[in-house]
Amino acid sequence: MEKVTIYTDGACSGNPGPGGWAAILMYKGIEKEISGGEKNTTNNIMELTAAVRGLQLLKYPCEVQLYSDSAYLVNGFKQGWIYNWQRNNWKTSNKEPVKNREIWEELYNLTKIHKVEFIKVKGHSDNEYNNRCDELARAEIKKL
């Protein structure tokens, strides 16, 4: 499997409010930046969307290191939340419907195609790629 690195970030002005997402894909020394936005969304949706959009660009199954500053996104997989939700018919431990189920399902389906390692990075710190994703996501908000 080819190895790809993806950095992602989402941002929102108000929560809910206008939001942006961004991803940087890195493969064999080549970097590709992608971004987009929504007029009325949440920060969590933008974080998940960034990961989905990055993984959707991959043309064949890859081994991916996906970096995000979103504990919501990373913990969804690293702490097994998504697997528990599926077992419990998409209900949380409090028996509430899982928020953002559709995008979680889309992301989960992409992880069945690609071998994805979710890695948490500290947001707004010294990570140049996370900072660049944040810039791109915030720029998308200004376009709305």
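Reader: Hi! Before we start, what counts as nonpolar, charged or polar here?
Author: Hello! Ala, Val, Leu, Ile, Met, Phe, Trp, Tyr, Cys and Pro count as nonpolar, Asp, Glu, Lys and Arg as charged, and the others, Gly among them, as polar. Keep in mind that this is a predicted model.

Reader: Thanks! How do the residues lining the largest pocket divide, then?
Author: That lining has nine nonpolar residues, no polar ones and two charged ones. Among the lining residues are Val4, Leu25, Met26, Lys32 and Lys59.

Reader: What's the volume of the largest pocket?
Author: About 290 Å³. Strands β2 and β3 are the elements that give two or more residues to its lining, and β2 provides the largest share, with three residues.

Reader: Ah, β2! Why is β2 largely enclosed?
Author: Nine of its eleven residues (17-27) are buried, so the rest of the structure largely encloses β2.

Reader: And how does β2 pair with β1?
Author: β1, residues 2-12, pairs with β2 in the antiparallel sense, over eight bridges. Tyr7, for one, has Ile24 in β2 as its bridge partner. Four residues separate the two strands in a hairpin, and Gly14 in that turn has a positive phi of about 90°.

Reader: What about β2 and β3?
Author: They pair in the antiparallel sense too, over ten bridges. This hairpin has two residues between its strands, and Lys28 in the turn has a positive phi of about 50°.

Reader: Switching topic: how is the lining of the second largest pocket made up?
Author: By class, it has six nonpolar, four polar and two charged residues. Trp85, Glu96 and Trp104 are among them, and the pocket holds about 180 Å³ of space.

How values were computed
Residues numbered from 1 in each chain as written. Predicted model: local features only at pLDDT ≥ 70, side-chain atom pairs only at ≥ 80, totals over all residues. Heavy atoms only, no water. Buried < 20%, exposed > 50% of the residue type's maximum accessible area, 1.4 Å probe, protein only. Pairing = 2+ DSSP bridges. 1 Å grid on protein atoms, 1.4 Å probe; cavity = no way out; pocket = protein on both sides within 12 Å on 5 of 7 lines; lining within 4 Å. Points joined across faces, edges and corners; volume = space filled by probe spheres on them.
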